[in-house]
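Hi,

Here is the structure I promised to pass on. Have a look at it first, and then read my notes below.

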Amino acid sequence: MSHGLNKYFGKAWMLAVYMFLYLPIVTLVIYSFNDSKLVTVWSHASLRWYSALAADADLISAVWLSLKIAFVSALMSVFFGTFVAFALNRYKRFVGRTFLSSMANMPLVMPEVIVGLALLLMLVSVQHWLGFPERGLFTILLGHALLGTAYAAVVVTSRLKEMDGRLDEAAMDLGSKPWQVFTLVTFPLLVPALVSAFLLTFTLSFDDVVLSAFLSGPGYNTMPMVIFSRARLGLNPTINAVATVTITVVTIAVIASSFYTSHVERKRKREMALAYSDAIR
Amino acid sequence: MAQSKNTFLNFFSGRKLIIGVPYVWFISLAAIPLLIVLKISLSTMETASVSNMVDWSKGWPSLTLNFSSYQFIASDALYVKTYLSSIKYALITTIICLAIGYPFAYFMARAPKHIQPTLLMLIMLPFWTSFLLRIYAWKTLLVNNGIINNALISLGVMSEPIAMMNTPFSLTIGMVYSYLPFMILPLYANLSKLDIRYLEAAADLGTSPLKTFWLVTVPLSKAGIIAGSMLVFIPSIGEYVIPELLGGSNTLMIGRVLWDEFFSNNDWPMASAVAIVMILLILVPMALLNKYQSDQASDKAGA
C-alpha cells in the first residue's frame, strides 16, 4: 500500500472533521466574552454577558428546573434501562422478546415530534379518565425517562455483554443466592456502566427541547425551551454565556467520569489478577 | 432457592419481574400512545376528543373510522411536497455523513491503538454538549453579518456577504453536523473489528489498494454502513429543531408541519395523521436498522 500518502491524507481528513465538529463550540465560547451587543462582531473582551446571565431570573429558574428534571429522569432511565438490559440479555427466549427489543429501540431513532405527540395524547387521555397527571414537571419527567431508558439500556447492555459470566457462576457454585449474586457480584461490576448511563441520560434530558415543549404545562419552562424561544427570535449573547458555562461543566464531567471508569477498571483487573495468583498458589 | 420462595428479594431476582417491568413501561409509554395517535388520526376535529375514544352508544364498544385527514394529506400538494422534501434532505444528509464519516472511521480504526480511545472521546464530546446550543452556534456563524461572512469580508475575499442562513445549505450543514457522530460510531465499531489479514491476503495476491478497498473493506463493513445510514436517515426525516432554527421558511420539513398542526392549528387529527404517514415512511429503514444492528451484535458475540 502507498502508506506515506495514505497516512498524511488520513491525518488531514481527521483534522478537518475535528475542526468541523469543534468550530461552532469554540466560536460560541470565544464570543461569550465579547463586549459588543452584536453577537457576531468582536469589540473587546468582557464578562458583560455573564453578569447579564446572573441577573436573568427567567433563565436561572429554567436552569434549576432543567437540573431537577435531568437528575430525576436520569435516575428513572438508569433504573428501567437496567431492567431492559437484563431482560434482553439474560433471557434469550420469551414471548414478545422481539416486541420488547423493538419498543426499546424505538425512542432511539423515532423522530422526537412523534414521540412527543404520542405521549401527550396518551397523558391527556389518562388525565381525562383519572383527573391526573396535570401537565408539568411529572409529564416532562416521564417523557425524558422514556427516551433515557432506551439509551441507558444500550449502555448497560454493552457492559453486560462483555462481563465475565463465570464470576456469576462461581458465586452461585459457592452457594450465593441469586439476589446475593446480584448485589455482591453483578451490581458492583455494573457500576461504571450505570454511572455513564446516568451521565448520558442526564445530558439528554438537560438538552431536550421537543419532548419538553409537548409535555410541559404553563409555568414549566426548561432551559432548552427558554434558549430555543430566544434563538428563534434572533441572536442573543446571554445564550453564548450560558452555553459556555454548560460546555465547561459537561466537559469536566465527561473527562472526570472517563478517568473514574478507567480507574475502576484497572483496580478490578489488579484485584482479579491478585485473586487468580492466590488461587494458583 | 425453593425454601425462600416467598421472600421479596427472591422475587426481585425473578424472571417474571425482570421481564415484566420493562414490558409494562414500554407498553404504557410507547405502544399505547402510538395506538392513540393512530386512533386520533382516524377521527375528525369534532370527534377527536379523548372522552369518546371508544363509542359505547350502541351498547358495545365500536370505533368510527374517518379517513378525512389522510385524504387531505394525499390531495394537498403541499403535504406531498413536504414529505418528498423531507426525504430529500434526509437522503442528502445521509450521503454527506457517509462520505465524510466513512473515511474518518476507516482512518480512526487504522490509527495507533493507544490513541484510539482519545480519538473516540473527541467524537463523543460534542455529542455530549448541548445539541441545541451547537445549532445556535451555527446560526451565529452563518447569518449575513455572522462570523464567517465578517471574516471573509475583512480578509478581502469578497465585499458583500453571502446569504447562507435560511437556505438549504444552512439546513444541510446543521443536519450533517448534528448527525455525523451517529454515522461514525457504528462504522468505527465495524471497521475496527475488520480482520487485517483479509487485506494482507488481497495485497499478497497483487490487488491494488483501491481495488482491495472496494472489493474487500467496503463489503465487509456493509452492516456498519447500513446501521450508520439508518441512524442518520430516520431521525433526519422528522427533524424539527434544525429546520426551525437554520432552515428558514423556504425549506419544507414534515416535522415542522406536524408541530404547526398541533401547536398553531390545534388540529390533533391532522397532526396524528401526519405522524402516522411519517411512521409508515420510516418502517422499512427501521426494519433494516434492526436487522443490521442484530447482525453486528451477533458478530460481536461470535468474535
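**What I found**

Chain B has 303 residues, and 41% of them count as buried (buried means 20 or more other C-beta atoms within 10 Å of the residue's own, with C-beta atoms placed from the backbone). Before you go on, note that this is a predicted model, where local features need pLDDT of at least 70, side-chain atom pairs count only at pLDDT 80 or more, and totals for chains, interfaces and linings use all residues. Residues are numbered from 1 along each chain as its sequence is written, while chains are lettered from A and ligands numbered from 1 in the order in which they are written.

Chain B is built from 14 helices and zero strands (helices are DSSP runs of H or I with at least four residues, strands are E runs with at least two).

Now for where the chains meet: chain A puts in 68 residues and chain B 76 (contact means C-beta atoms, placed from the backbone, within 7 Å). On chain A's side, H1(A) gives the most, with 12 residues. By class, that side of chain A has 51 nonpolar, 13 polar and four charged residues (nonpolar is Ala, Val, Leu, Ile, Met, Phe, Trp, Tyr, Cys and Pro; charged is Asp, Glu, Lys and Arg; polar is the others, Gly among them).

The largest nonpolar core has 156 residues (a core is a set of buried Ala, Val, Leu, Ile, Met, Phe, Trp, Tyr and Cys residues joined through C-beta atoms within 7 Å). Leu119(A) is among those with the most contacts inside it. Beyond its neighbours within four places in sequence, Leu119(A) is in contact with residues including Phe214(A), Leu29(B) and Pro33(B).

Cheers

Definitions and conventions:
Contact = placed C-beta atoms within 7 Å. Buried ≥ 20, exposed ≤ 12 C-beta atoms within 10 Å, placed from the backbone.
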